[in-house]
Amino acid sequence: MSRPARARTSLLRIRLYQALVLAAVIGLWHVLTSPTLLPPFYFSNPNQAAFFFGEPWKVLVRIVQWFASGEIFVHLGVTLFETAAAFAIGTLGGLAVGLWLALSPMASAILDPYVKAANSMPRVILAPIFSIWFGLGVWSKVALGVTLVFFIVFFNVYQGVREVSPTVLASARMLGAGPRQLLRHVYLPSATSWVFSSLHTSVGLAFVGAVVGEYLGSARGVGYLILQAEGTFDINTVFAGVVVLTAFALVLDVVVGVAEKRLMKWQPRSREALNRAARSRRISGIGPPLDRRGVRARIGRRVGALDKFPVGVIDNCHVSKELNLCESRI
């Protein structure tokens, strides 16, 4: 069996196991809340379990009714807009501020206690303040979501930029890279993987900000539907809202994953990928740094001027990314 066929088989097996886990959870939920399948072992009344935890069949029926009648679309559109706006604004803000403070040690030292204080502040207490500032419309929910997304992206970008290899920076500077070139070719690629790792978490928190804001005061949105259902003790509708929100959060997470795969093609995904790239270049991708003579000879064949190439840069050129950087800047 070929390697792509084995990969597809492994993926199908994982999807099958995931479907089995979901079916087992739903089946257990149905058995524990059905008044006829099991004798009551916690509640004295056999119907109390369904009252407190709902029934999966009724939750599914409620979701189908929402989409069949079109009632959910207006509320879902409002919640998705609030989530997408909070996600976009918080991501861009966290990326910009993270880059700024990571590249400006003085500003980072001055603002460090204030950033930590703002991050330690409970976000929920800001919701009434945002309602006063922005009203009960969508922007107060967006503002709450931004406060949740911003700090996750900010700290990941800050850490990603601060952990750039000094070897790569020294090599790039000795090859004549200016601040803009360093930002584009060194700092941003280093921070990209950190950004995407934070975006998967930020999607869920953007939904949390939107729903919590709707829960505290709104006239539209899925959080508003959940609040109305709680007021009438309709637990099945509450779970239906939770399931709809979870499903769309997973869809947004898949979108982020697709974007990550497209934008991170340059990043090696495994040791096997590194080995294939190394074999194609006739060098080892996981060994020690190339010796001085081998790198000079290899670069000399391409540029024809060994004496003009800085010795210090050659000493700092390692396999894979660092060597590619040295070659690409000649």
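User: Which residues are exposed on the other side of H3?

Analyst: Exposed means over 50% relative accessible area, buried under 20%, and partly exposed in between (1.4 Å probe, protein chains only). On that side of H3, Trp57, Ala68 and Ser69 are exposed, while Pro56, Val59, Ile63 and Trp66 are buried. Seen down the helix axis, the buried residues of H3 sit within an arc of 85° (taken from the directions from the axis to the C-beta atoms), so they line one face. This is a predicted model, where local features need pLDDT of at least 70, side-chain atom pairs count only at pLDDT 80 or more, and totals for chains, interfaces and linings use all residues. Residues are numbered from 1 along each chain as its sequence is written, and side-chain values use heavy atoms, with hydrogens and water left out.

User: What do the buried residues of H3 pack against?

Analyst: Contact means heavy atoms within 4.5 Å. Helices H1 (3-33), H4 (71-103), H10 (222-231) and H11 (235-263) are what they pack against. Helices here are DSSP runs (H or I, at least four residues), numbered from the N terminus.

User: And the rings: how many aromatic pairs are there?

Analyst: Rings of Phe, Tyr and Trp (its six-membered ring) pair if their centres lie within 6.5 Å; planes under 30 degrees apart are stacked, over 60 edge-to-face, the rest tilted. That rule gives 11 aromatic pairs. Take Phe130 and Phe134: their ring centres are 6.1 Å apart and their planes at 45°, so this pair is tilted. Phe130 counts as buried because its relative accessibility is 9%, whereas Phe134, at 45%, counts as partly exposed.

Methods. Helix = DSSP H or I, 4+ residues; strand = E, 2+ residues; numbered from the N terminus.
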